[in-house]
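User: I am new to this structure and would like a close look at a single part of it. Please take one place, describe its surroundings with care, and then widen the view.

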Amino acid sequence: MVLEAAGTDYRSSPGNAFSYAVQQGWLCSRLQGSDAIRLDDLSLLIMRAFDIPGGIFYRLTGNSHYAYRELQYLSIIQGRVSPGMEVQGDLLLSLINRVLSMEGSYK
C-alpha cells in the first residue's frame, strides 16, 4: 500500500512490492515477506518511498530509529505508540493519509 500511494514503479503483486522495496534498500535486511512490520521499519519505508528528506541524524544514519523520530516530528506519527509495535491496517492507512495530505510541505 505504501509503494502504491507513493507512486513507485513496481508490479502490483505483494511479493513484487516486497522485492522491489528490498532491492531499493527501503526495508531492513532482517525482514521477511511474511513478517508483520514494526512501526520503525514502516517509518523507514515511508521516508524512502515518499522521498522525505528528514533531519540531520536521519540523513547521517538513514536508519529506522531516526525515520520514526522524523515522522513523529512531522506529526505524521501521533499518539501513544512505540517504534517496536506491529502495525495494523488502520494505523497504516492513517499514516499514508497524513503523508499524502502533507506531501510537498516537508521538502
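**A serine and the helices around it**

Ser 64 lies in helix H5, where helices are DSSP runs (H or I) of at least four residues and strands are runs (E) of at least two, numbered from the N terminus. This is a predicted model, in which local features need pLDDT of at least 70 and side-chain atom pairs count only at pLDDT 80 or more, while totals for chains, interfaces and linings use all residues. Residues are numbered from 1 along each chain as its sequence is written, and side-chain values use heavy atoms, with hydrogens and water left out.

Ser 64 counts as buried because its relative accessibility is 11%; buried means under 20% relative accessible area, exposed means over 50%, and partly exposed is in between, with a 1.4 Å probe and protein chains only. Leaving aside neighbours within four places in sequence, Ser 64 is in contact with Cys 28, Asp 40, Asp 41 and Leu 44, contact meaning heavy atoms within 4.5 Å.

Asp 40, one of these partners, is found in helix H3. With a relative accessibility of 7%, Asp 40 also counts as buried, and, not counting residues up to four places away in sequence, Asp 40 touches Ser 64, Tyr 68 and Pro 83.

Helix H3 (residues 39-49) and helix H5 (residues 64-73) pack at an angle of about 75°, with their axes 7 Å apart; the axes are lines fitted to C-alpha atoms, for helices over the stretch in contact, and angles run from 0 to 180 degrees between N-to-C directions. That angle makes H3 roughly perpendicular to H5, since angles of 65 to 115 degrees count as roughly perpendicular, those under 35 as roughly parallel, those over 145 as roughly antiparallel and the rest as oblique. From H3, the contact is made by Leu 39, Asp 40, Asp 41, Ser 43, Leu 44, Ile 46 and Met 47, and from H5 by Ser 64, Ala 67, Tyr 68, Glu 70 and Leu 71. These residues of the contact divide into seven nonpolar, two polar and three charged, where Ala, Val, Leu, Ile, Met, Phe, Trp, Tyr, Cys and Pro count as nonpolar, Asp, Glu, Lys and Arg as charged, and the others, Gly among them, as polar.

H3 is largely enclosed by the rest of the structure, because ten of its eleven residues are buried; among them are Leu 42, Leu 45 and Ala 49.

The loops that follow these helices each hold a residue with a positive phi. Most residues other than glycine have a negative phi. Asp 51, which is not a glycine, has a positive phi of about 55°; Asp 51 is found in the loop between H3 and helix H4 (56-61) and, at 54% relative accessibility, counts as exposed. Phi of Ser 75, likewise a residue other than glycine, is positive and near 65°. Ser 75 has its place in the loop between H5 and helix H6 (89-102), and counts as partly exposed at 38% relative accessibility.

For the chain as a whole, there are six helices and zero strands, and 37% of its 107 residues count as buried. Among contacts between residues at least 6 apart in sequence, 49% join residues at least 24 apart.
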